[in-house]
Amino acid sequence: DTFIIRDFIAEYLEGRTPNPCVRCNQFIKYGTLYAKVKALGADYLATGHYAQVERDADSGRYLLKKAVDRNKDQSYFLYGIKKEQLPFLLFPLGGLTKAQVRDTARAHDLFVSDKQESQDICFVPEAGYKDFIRQRAGADVFIEGDFIDENGKVVGRHKGLLNYTIGQRDKLGIALGRRVYVNKIDKATNTVHVGPKDHLLSDGLWAKQVNFLTEKPEETIEVTARIRYNAREIKASLTCEKGRVQVLFDEPQMSVTPGQSVVFYHGDTVLGGGIIQEAIKKTNSM
């Protein structure tokens, strides 16, 4: 198995929910592939991501920008690129809408012009990620443990941490006479904590493995942040500490999920991003 798959499995085993597309871009497309392209003497690496690279007229620096088609923008997945690589990357689709791309493909009789879009992880078969992990790591990694409610009471048995993610409500297998959601997965105690929806609120987060595509800020700055690919951007303040960053939201946010990426923006520009390590909960803290 590749590093991407090993990391994917390892993150789930630690009770986190990874985003393998981020890792693939960082280590495969703009790691191994980029190195090969440069070794062959090519001037640029072009990929089909919906994003843009622009040269700032004032500073002369190259910046990663959102795509024109905001519904298809993939800049979130690209924050792990090294900023030194930006001058040598091309994103031909970044200035087009998805409809324009399909029209162009159709005009050239390309069979993919009407191909159905997929949101699935490319290396996970239809059976799903749980079976995928079971086949590689063994069934014994699905260790049962306790469900704990907001009062610290044991309310049932879970079927292994890998079966759950933050915000999950369905398929918990417990009946409490009210709706409860997964709000914490604790690897150290092998427990899944559940509670009412407002216990999913977080005031911020800590992130590690941070990569900046612009200059690393020396002081606290205002940004907009996206805590998962399909989430809206939210206003926040960002403070860098040694080896990690703190992001505090202007308004509490739902379902901050360790293992997912948080990406920082200033307008259309990607400042950087990192892997969420833990939520900061002052509101209804456990």
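The following legends describe close-up views of a predicted model.

View 1. Side chains of opposite charge can pair when their charged atoms come close. In this view, aspartate 7 and arginine 23 form a salt bridge through their side chains, with an N to O distance of 3.3 Å. Aspartate 7 belongs to helix H1 and arginine 23 to helix H2 (residues 20-39), so the pair ties together parts that are 16 residues apart in sequence. Aspartate 7 is buried, because its relative accessible area of 15% is under 20%. Arginine 23 also counts as buried, at 10% relative accessibility.

**View 2. Salt bridge of glutamate 11 and arginine 16.** The side chains of these two residues, glutamate 11 and arginine 16, meet at 2.7 Å, N to O. Glutamate 11 is buried, with a relative accessibility of 10%, whereas arginine 16 is partly exposed, with a relative accessible area of 22%.

View 3. Arginine 106 pairs with aspartate 103 in a salt bridge whose closest N and O atoms are 2.9 Å apart. Both arginine 106 and aspartate 103 are part of helix H3 (residues 98-107), where three residues, about one turn of the helix, separate them. Arginine 106 is partly exposed, its relative accessible area being 36%. Aspartate 103 counts as partly exposed as well, at 46% relative accessibility.

**View 4. Network of salt bridges.** Arg61, Lys83 and Glu215 are joined in a network of salt bridges. In the whole structure, a search finds 16 salt bridges.

View 5. Phenylalanine 3 lies in helix H1 (residues 3-13). With a relative accessible area of 36%, phenylalanine 3 is partly exposed.

**View 6. The second largest pocket.** Rolling a probe the size of a water molecule over the atoms shows where empty space is left. The second largest pocket holds about 470 Å³ of space. It is lined by 23 residues, of which Lys184, Ile185, Pro258, Glu278 and Ala279 are the closest to its centre. Strand E7 (181-186) and strand E14 (269-280) are the elements that give two or more residues to this lining. The largest contribution to the lining of the second largest pocket comes from E7, with four residues. By class, this lining comprises eight nonpolar, eight polar and seven charged residues.

Technical notes: Residues numbered from 1 in each chain as written. Predicted model: local features only at pLDDT ≥ 70, side-chain atom pairs only at ≥ 80, totals over all residues. Heavy atoms only, no water. Buried < 20%, exposed > 50% of the residue type's maximum accessible area, 1.4 Å probe, protein only. 1 Å grid on protein atoms, 1.4 Å probe; cavity = no way out; pocket = protein on both sides within 12 Å on 5 of 7 lines; lining within 4 Å. Points joined across faces, edges and corners; volume = space filled by probe spheres on them. Nonpolar A, V, L, I, M, F, W, Y, C, P; charged D, E, K, R; others polar. Salt bridge = Lys/Arg side-chain N within 4 Å of Asp/Glu carboxyl O.
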